[in-house]
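Open the model in your viewer and keep the selection tool handy.

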Amino acid sequence: MRQYENNEVPYSSVGGDEVPSSPKATDKIRKVSMLPLVFLIFYEVSGGPFGVEDSVNAAGPLLALLGFVVFPFIWSIPEALITAEMGTMFPENGGYVVWVSSALGPFWGFQQGWMKWLSGVIDNALYPVLFLDYLKSGIPALGSGLPRVAAILVLTILLTYLNYRGLTIVGWVAVLMGVFSILPFAVMGLISIPQLEPSRWLVMDLGNVNWNLYLNTLFWNLNYWDSISTLAGEVENPNHTLPKALFYGVILVACSYIFPLLAGIGAIPLEREKWTDGYFSDVAKALGGAWLRWWVQAAAATSNMGMFIAEMSSDSFQLLGMAERGMLPEFFAKRSRYGTPLLGILFSASGVVLLSWLSFQEIVAAENLLYCVGMILEFIAFVRMRMKHPAASRPYKIPIGTTGSILMCVPPTILIFAVVALSSLKVAAVSIVMMIIGFVMHPCLNHMDRKRWLKFSISSDLPDLQQQTREYEETLIR
């Protein structure tokens with residue numbers, strides 16, 4: 001693997017070797033515009049209120065509502081702000097991998113890439129299964145056996161092909177899916193107005209709270225804002241578009257959770273034990289009838305497809321970005337004629353197919369733990385870049401100083417430690433094994449590079465942060 005000069009700021013070009021997918025080679029590929037980007041963020045993070053029902057089951061109405069009002073300020077907004085600043089500072093497909101590499105060196109950058117890619121693939125393996133789970137009530141044959149296996153394979157192949165055909169297509173498909181997924185809840189909200197009883201929103205029982213389920217439900221439904229950074233190189237005018245899209249995305253995601261909860265809790269007598277995954281379809285039937293229930297179920301199935309294509313795009317372009325920075329073999333940087341990372345898509349799809357047959361309860365928890373470790377590295381990288389390179393160009397900069405940057409990262413870090421502390425020993429053991437694999441892979445790839453068994457290179461078209469910083473500081477001195 002190519003090492004960075006002085007092992008200091010790896011956001012630089014160090015040699016003339018050029019990967020096949022340099023930015024100049026992709027100038028003619030259509031970039032992602034604002035609206036598709038907002039919905040790609042929506043599906044990276046949320047996909048709608050499907051899965052938030054457990055928050056009511058775990059903590060009751062008031063804490064559930066407060067969680068989705070307060071939690072974005074503790075986690076979502078800080079993560080989105082950091083993504084906006086770092087994503088415009090490093091507008092390329094490596095995303096958070098490049099941030100961590102620039103601040104902490106190539107070893108930790110690779111670990112960030114490994115943990116986040118593995119986390120994304122495990123997460124993505126759930127969506128074909130969940131899609132069929134929503135349909136099996138209407139089509140019982142999809143519940144098990146060969147029809148279910150065939151359906152998972154066909155669905156994975158079709159959605160993978162959609163990713164292969166281009167990110168702009170994926171973006172506009174996400175827009176259509178998003179509108180379809182949100183509309184039934186807008187209708188449900190209007191129908192619920194005459195039946196609302198605000199007193200139901202205030203029910204709370206602190207003596208009967210499952211804090212583990214409650215925190216994990218909030219965390220699961222309001223994270224992954226940083227995933228869009230791995231597509232920054234494909235965005236039209238990222239310095240302007242990315243921060244605005246993240247702003248609109250935070251509003252869209254928060255509203256997609258809060259308003260359905262207000263309608264469902266306020267219009268239906270509380271039966272807390274019934275608030276589990278899929279309960280919104282029962283709420284829809286109670287408020288609007290069978291037609292609205294079918295619409296909500298169809299929207300849930302559609303949402304799973306939207307999350308699949310958005311996650312696969314992020315995962316595959318991350319591998320491309322890592323190859324452009326010399327962290328992975330050069331063949332990962334090759335693009336199809338549609339501008340998509342062919343091998344990245346195939347690797348991500350293969351991981352999804354392999355994991356789709358497993359039981360995910362413990363593995364998903366382990367994936368959550370890997371995500372937490374990755375976020376700690378991102379917070380450290382964000383603060384360290386503020387301290388190491390305060391004068392570097394930041395097209396979008398959070399209007400706080402270094403002290404403010406540290407303080408902003410404190411609440412989400414405390415939340416991460418709370419999630420980790422509530423994890424089981426089995427989950428911790430699986431996560432540690434996965435991290436050890438990453439620790440071993442990095443020196444192995446370095447050895448393959450030195451022996452020239454595989455070709456690694458860094459794109460000469462990627463900018464040199466050190467040079468940009470020196471030039472900027474010189475202009476300040478003048």
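Start by selecting α7 (167-192) and helix α9 (residues 238-267) in this predicted model. Their axes come within 9 Å and cross at roughly 40 degrees; axes here are lines fitted to C-alpha atoms, for helices over the stretch in contact, with angles running from 0 to 180 degrees between N-to-C directions. The crossing is left-handed, a term used if the near helix is turned anticlockwise from the far one by less than a right angle. Helices are DSSP runs of H or I with at least four residues, numbered from the N terminus.

Now show side chains at this crossing. Ile182, Phe185, Met188, Gly189 and Ser192 of α7 meet Leu252, Pro260, Ala263 and Ala267 of α9, where contact means heavy atoms within 4.5 Å. By class, that is 7 nonpolar, 2 polar and no charged residues. Nonpolar covers Ala, Val, Leu, Ile, Met, Phe, Trp, Tyr, Cys and Pro, charged covers Asp, Glu, Lys and Arg, and the others, Gly among them, are polar.

A note on reading the model: residues are numbered from 1 along each chain as its sequence is written, and side-chain values use heavy atoms, with hydrogens and water left out. Since this is a prediction, local features need pLDDT of at least 70 and side-chain atom pairs count only at pLDDT 80 or more, while totals for chains, interfaces and linings use all residues.

Next, select Trp114, Leu319, Leu328, Phe332 and Met441. Of the 14 residues lining the second largest pocket, these lie nearest its centre. A pocket is an open set of points on a 1 Å grid over the protein atoms alone, with protein on both sides within 12 Å along at least five of seven lines; lining residues have an atom within 4 Å of a point. The space here is about 240 Å³, a volume being what is filled by probe spheres set on the points, which are joined across faces, edges and corners. α5 (106-135), α11 and α15 (425-450) each supply at least two lining residues, and α5 gives the most, with 4. The lining has 13 nonpolar, 1 polar and no charged residues.

Which residues line the largest cavity? Select Tyr96, Lys116, Tyr224, Asp226, Ser227, Glu311, Ser314, Asp315 and Tyr371. A cavity is a set of grid points where a 1.4 Å probe fits but cannot get out. This one holds about 40 Å³, and its lining has 3 nonpolar, 2 polar and 4 charged residues.

For the second largest cavity, with about 30 Å³ of space, select Asn163, Gly166, Leu167, Val170, Ser313, Ser316, Phe317, Thr340 and Ile345. The lining has 4 nonpolar, 5 polar and no charged residues. α11 gives the most to this lining, with 3 residues.

Finally, colour by pLDDT, the predictor's confidence in each residue from 0 to 100. The chain mean is 85, and 87% of residues reach 70 or more. Over residues 3-25 the pLDDT is below 50.
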